[in-house]
Amino acid sequence: MPLLSLTPTTIRLPNKEGLLLVPSPTLSLKSNTYQSSSLKTRLKLKPPFKTTSICRFCKNRADFNSLLVDSDSGFHRLKKMEMVFDNYIVGTFLVSLFGFVFHFILRRNNNIERKIKKGSTEFKIQTDAVNGTNRRECLPENGSGDDVIIVGAGVAGAALAYTLGKDGRRVHVIERDLTEPDRIVGELLQPGGYLKLIELGLEDCVNEIDAQRVLGYALFKDGKNARLSYPLKKFHADVAGRSFHNGRFIQRMREKAATLPNVRLEQGTVTSLLEENRTIRGVQYKTKYGEELRAYAPLTIVCDGCFSNLRRSLCNPKVDVPSCFVGLVLENCELPFPNHGHVILADPSPILFYPISSTEVRCLVDVPGKKVPSIANGEMANYLKTMVAPQVPPELHDAFVAAVDKGNIRTMPNRSMPADPHPTLGALLMGDAFNMRHPLTGGGMTVALSDIVVLRDLLRPLHDLHDASSLTKYLESFYMLRKPVASTINTLAGALYKVFSASPDEERKEMRQACFDYLSLGGIFSTGPVALLSGLNPRPLSLVLHFFAVAIYGVGRLLLPFPSLKRMWIGARLISSASGIIFPIIKAEGVRQMFFPATVPALYRAPPVD
């Protein structure tokens, strides 16, 4: 009697065309006796336990014979075991091996198809049937790939990349030009912005770029001046404004962001957002070598600056260009008030001076309207020498004329655009692509850095960004939480520009003079508005109170010492003019959002559950 025998059976494998029948051997124990050369008798064993294994492809026990293995504590004493196998052992073994391999391949293919459906990260080279160019795609997978794509690496983009990267996000930054920018704006960071820079851990980016401390402003009008200092007594000694070359500051932030292993900076031009089922899945862009690529991430943040070509799909842009800046660099000259920004209330509009290095002073001449005199034919130089130079403080006159003669004159349109987003699944706008204000007050970088702090705090509780619908609904609170800082600086910038600009209207002249005299009073009359301007006290209600206090102060100047009907009429028009300046700005910012944010449901959005 053979001790073991193998009998062929049939295994049923699933197949696309039906069932695949594969023969398989069945191993069974024929007897519970064993032969020993040291024992002459046959011993009957009663197994203490038995184990049964059934083929996973069989529907029931009858489909194949069970495998029984008997064991006993004395089994190791066997010296000889006689085993007899069926003649079909080789054939059944090979067929079983083939069935196992076929099953393994079938399962492996099914797993690959399942992963692709979920979205696995793999690179494909696809040929564009339209233009014949090669396009490489990176498809996202849960748990791998990028978490966030940032379009643009200016002040907002670079700071955001470092902030999200430091929190563990995998960030892919795509910037049109990674060389050092050369701009004439974005060079003054208010103290409130510097505090945000400290909060983000980027305060060292103003080191080693010859940045200058800024302690306040100096106003000049008709030969008189007033010094307005920042209210910094409650802060650390290092807290102050900073002025610098914009390009140097941006490069420092890019370099710091690039030190994080999970942040990748790439030079390329984003041509479009990739949309699928009304959800932004990523971007399509061209590298500096002209190769078309696609990048995917659950969240795409667009901060490609004031000339953004992507904002139209994410907001309702209402861009206004009230004036242009003409930029010069004055060399080796001393400002009347060191470490202060200088604002000259000139005709027809303000002139700014502030240091950008230890040897250079930036001059920005505001020219109302969208058009400026031609630089090429000399009209601009003539305008600066004849119209602007006589209004420049004597200490800066010679350096100003020398800068004009040197010929390095730059222009830049001053744009303003209220934030009016329409929430889009999978995408967000930030920086100047999202919201702009007149650069007279130098508040743009303060608003951008404050927005980054708000967004960082909102994203920190979230581990998974793939639920686009829940994420977008949750991030609606971002537009509310940013309002105190953004609306205060935006409103003040727009209102001050209109007040500081010359006008033939009698009431506007009175308002301009009243503003200068009000700020010259000192105390709360200067520290209050300057705290608003610097981002240290972002309270919209305080702004409105100070603005109408200036208007009432102007009316008081008119009525004293003896009122007259003409003066009373000018006073009434002054109040009306002040209302006409500030109320449209407040309306564009949102009255409810500015003054009654607690009534907006979006303020109370809870983080989605991962």
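What is the volume of the largest cavity? The largest cavity of this predicted model has a volume of about 310 Å³. The model is a prediction in which local features need pLDDT of at least 70 and side-chain atom pairs count only at pLDDT 80 or more, whereas totals for chains, interfaces and linings use all residues. Residues are numbered from 1 along each chain as its sequence is written, and side-chain values use heavy atoms, with hydrogens and water left out.

A cavity is a set of points, on a 1 Å grid over the protein atoms alone, where a 1.4 Å probe fits but cannot get out, and its lining residues have an atom within 4 Å of a point. Grid points are joined across faces, edges and corners, and the volume is the space filled by probe spheres set on the points. The lining of the largest cavity comprises 22 residues, of which Leu-492, Leu-496, Phe-500, Leu-519 and Pro-529 lie nearest its centre. Two or more lining residues come from each of β11 (216-221), α10, α11 (506-520), α12 (524-533) and α13 (540-559); helices (H or I, at least four residues) and strands (E, at least two) are DSSP runs, numbered from the N terminus. By class, this lining has 20 nonpolar, two polar and no charged residues, where Ala, Val, Leu, Ile, Met, Phe, Trp, Tyr, Cys and Pro count as nonpolar, Asp, Glu, Lys and Arg as charged, and the others, Gly among them, as polar.

The second largest cavity holds about 70 Å³ of space. Its lining includes Leu-299, Pro-423, Leu-475, Glu-476 and Tyr-479. The elements β23 (427-429), α8 (468-474) and α9 each give two or more residues to this lining, which divides into seven nonpolar, three polar and one charged residues.

Helix α10 (residues 483-500), one of the contributors to the largest cavity, has 16 of its 18 residues buried and is therefore largely enclosed by the rest of the structure. Buried denotes under 20% relative accessible area, exposed over 50%, and partly exposed in between (1.4 Å probe, protein chains only). Helix α2 (residues 155-166) should span 16 Å, and its end C-alpha atoms are 17 Å apart, which agrees. Eleven of the twelve residues of α2 are buried, so this helix is also largely enclosed. The buried residues of α2 pack against elements including β7 (148-151), α4 (246-258) and α7 (444-459), with contact meaning heavy atoms within 4.5 Å.

The structure holds 23 salt bridges, each a side-chain nitrogen of Lys or Arg within 4 Å of a carboxyl oxygen of Asp or Glu. Arg-482 pairs with Asp-451, the closest N and O atoms being 3.1 Å apart. Arg-482 lies in the loop between α9 (476-481) and α10, and Asp-451 in helix α7, 31 residues apart; both are buried. Arg-605 forms a salt bridge with Glu-476, at a closest N and O separation of 2.8 Å. Arg-605 lies in the segment after α15 (591-595) and Glu-476 in helix α9, so the pair ties together parts 129 residues apart in sequence. Arg-605 is partly exposed, with a relative accessible area of 27%, and Glu-476 is partly exposed at 23%.

Technical notes: The expected span of a helix is 1.5 Å times one less than its number of residues. On a 1 Å grid over the protein atoms alone, a cavity is a set of points where a 1.4 Å probe fits but cannot get out, and a pocket is an open set with protein on both sides within 12 Å along at least five of seven lines; lining residues have an atom within 4 Å of a point.
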